[in-house]
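Dear colleague,

I am handing over the structure below, and I would be grateful if you could look through it alongside the notes that come after it.

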Amino acid sequence: MKNIFPIKIILLLLVLLISSAYSKDKGIVVIYPKPDQVIGAVDSTFILGHLPKLEKDELYDFRINGVKVDVHPDGGFLAFLPIDPGPFTFYLEAVNVYKKDFKKKIDGFSGLVNINTDNTIKDSLTVQVPEPLIQSKIDSLYIDPHFHNQFRFKALKAGDRLRLMIKGTPLCQAWFSIGSIADSIPMAETDPRTQAYWGESVFGNGAVPDSLLIKGIYSGYLDVTDEMRGDSLKVTFFLKPPSVESIIKRFLLPPLEMSELNLIPFLKYSDTDIVSIESYFKVNFNDPAYPMTVRFIDSVQTIRYGPRKGYFSIFQPEGVEAEVIGCEDDWYIAQLSETQKAWIFKNSVEILPHGILPPQSFLRVVRYYSGDSKIRFEFPLNGKHPYRITEVDRRHLRVQLFGVTSDTDWIRYTFGEELIDLVTWEQVEPGLYQLDIRMTRDIWGYDAFYEGNTFYLEIKKPPENLNSLKGKRIVIDPGHSSDPGSIGPTGLTEKVANLNIALKLAERLRDKGATVIMTRSDSSHVDLYDRPAITKANQADLFVSIHNNALPDGVNPFVNNGASCYYYHPHSINLARAIQKEMLKETKQKDYGLYHGNLAVNRPTQYPAVLVECAFMIIPEQEAMLKTEDFQKKCAKAITKGIEKFLKEFKDD
Ligand SMILES: [Zn+2]
């Protein structure tokens, strides 16, 4: 008995589970957004999902927040709707309208249709929409404690500039002080600011609603001098109303602008009405810990133009050393040469004991060796210096070595190597050595690395026989795996859609004699950063990543959609362009554009690398299209043709 009873309960639970899953299937399924999700949008966003499939002669009257929304025959829907700040609820209501009832309407019956509550399914979903920045009101003197400078801590030294901002009541007088170090430094009100929304500016039309123009932002700065010294200092900001005399003066000076009537409420304040606020962030001036030397402990590290900002240089190997002169939050600033500075993530380096300086090298001889598939430039140095490789143009590579001084009397050419046209060097400034390599053909790919203290640049020669795919080593990367990527209205995941296209592409390329390597050929997990590693390990000639698109919150999917292609390094743009062209031709989709995009799989330099966004997962018609073999084959055909064209045009160049 004891044993049977729990089994009964388990059975009952099973029945309940199955029935609840079943009833769920009969309702409205919202794929995106999720309940309580924070929407990064400003005034509108999209919502997608599906309704239970209907019989052939049925259709839905489907509304979200009262707005009629189309339902695709397979049940999928997508809407782009206005939202308001705060908790915001979508009310969804679908009425199953029988076709015969429609006929009645056409025959002259009044009213829409017979709305039987049994035919109605309802649901609601609440999301969180962040409050936009709100302009402070004039009838209260106020500094906004939530308006942030974009840092928590900064170490500055003589010659650095501390830039500060506050938001408060518009039209006032503002200033700041820092303990005994700086007193009453004036701040000025800036022009009204727009709150830019990155998603809209890159993937949409760049529209900024008027409601997002903010007045009352004040800025000021302090140039740090040698005498300023202190630890963990806070900044105090002050705000006081415009003086009565200045208001009266403005009124007496014609022409009087309407906006100046806004000054009237300030007349109620006196000169002693001052508000102040202490900064949550802290600053150090002339901290004796700096400068210090750091060494990279990550195998692949990027250095940047600012904390969390664009890349100054990618792929600095483990062991590279640099001098750091200050910090902001989790970032050090490195002085790479006399004028060149770059930011390094604190967790990716170790601090060397005080007294150790970064390496110094004098470069006397540069030479190169020509192999079958690559040309190897050799730079013997005394240590591992930070470096930067730039594609100046299609046939011009620039190597910059920081902390290196030229003593170059000799550059040895390999006679008979026709790919290298001219090699020149320049000491751009103290601590910055530059070598320019001009080539007779376009750049295919290159690699830079250290072996011991010798720095190498390897230039890859273009593969032989560019008339054919035969023997070309091509890596196909079906995007995502354990993360599903974007999800379509009826639940098709991007990882599945990507794989379907990739498998057809692989088959096609193999038929044409290419050696195809897939980063995954089933649903198994592959880490994003393993994909370039797989490609490099396989000595690939080129790389194509297959994806399908979604949009950031707030961008209108009905306006912004189509096929698109992404590259990172200039030497990959022609491959991206060729594939994009064939995609548009084969699939007859809208042109969503060619992009330079900072995507991990496109950052390697060794080969041309592109990422294709074939269609849009989130649009019901396109999701349905992605399920068809016909569309998958068209994409495979287009990408194959694109690669062939790229090879052919490279040869004819
Ligand atoms: Zn993707």
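The notes below take up the metal site, a helix residue, a sheet and some backbone features in turn.

This is a predicted model, in which local features need pLDDT of at least 70 and side-chain atom pairs count only at pLDDT 80 or more, whereas totals for chains, interfaces and linings use all residues. Residues are numbered from 1 along each chain as its sequence is written, and side-chain values use heavy atoms, with hydrogens and water left out.

The zinc ion has as its protein donors His 480 (NE2), Glu 494 (OE), Glu 494 (OE) and His 547 (ND1), at 2.1 to 2.8 Å; donors here are N, O and S atoms within 2.8 Å of the metal (3.2 Å for Na, K and Ca), and since water is not among the atoms, sites may look incomplete. The donor residues follow the spacing H-x13-E-x52-H. Because Glu 494 belongs to helix α5 (residues 494–511) and His 547 to strand β35 (residues 542–549), the pair ties together parts that are 53 residues apart in sequence; helices (H or I, at least four residues) and strands (E, at least two) are DSSP runs, numbered from the N terminus. Glu 494 is buried, at 3% relative accessible area, and His 547 is also buried, at 12%, where buried means under 20% relative accessible area, exposed over 50%, and partly exposed in between (1.4 Å probe, protein chains only).

Thr 640, in helix α9 (residues 629–652), is buried at 1% relative accessibility. Apart from neighbours within four places in sequence, Thr 640 is in contact with Leu 469, Leu 505, Arg 508, Leu 509 and Lys 512, contact meaning heavy atoms within 4.5 Å.

An open sheet of 5 strands has the order β28-β24-β25-β32-β31, with mixed pairing; two strands pair if DSSP finds at least two bridges between them. At its edges stand β28 (404–412) and β31 (445–451), each with a single partner strand, so one side of each lacks a neighbour in the sheet. Strands β25 (residues 374–380) and β32 (residues 454–460) run antiparallel and are joined by 7 bridges, and Ile 375 has Ile 459 in β32 as its bridge partner.

As for the backbone, a cis peptide bond with omega of about 0° joins Tyr 32 and Pro 33, and another cis peptide bond, also with omega of about 0°, joins Tyr 290 and Pro 291. Lys 588, which is not a glycine, has a positive phi near 55° and is exposed, with a relative accessible area of 70%.
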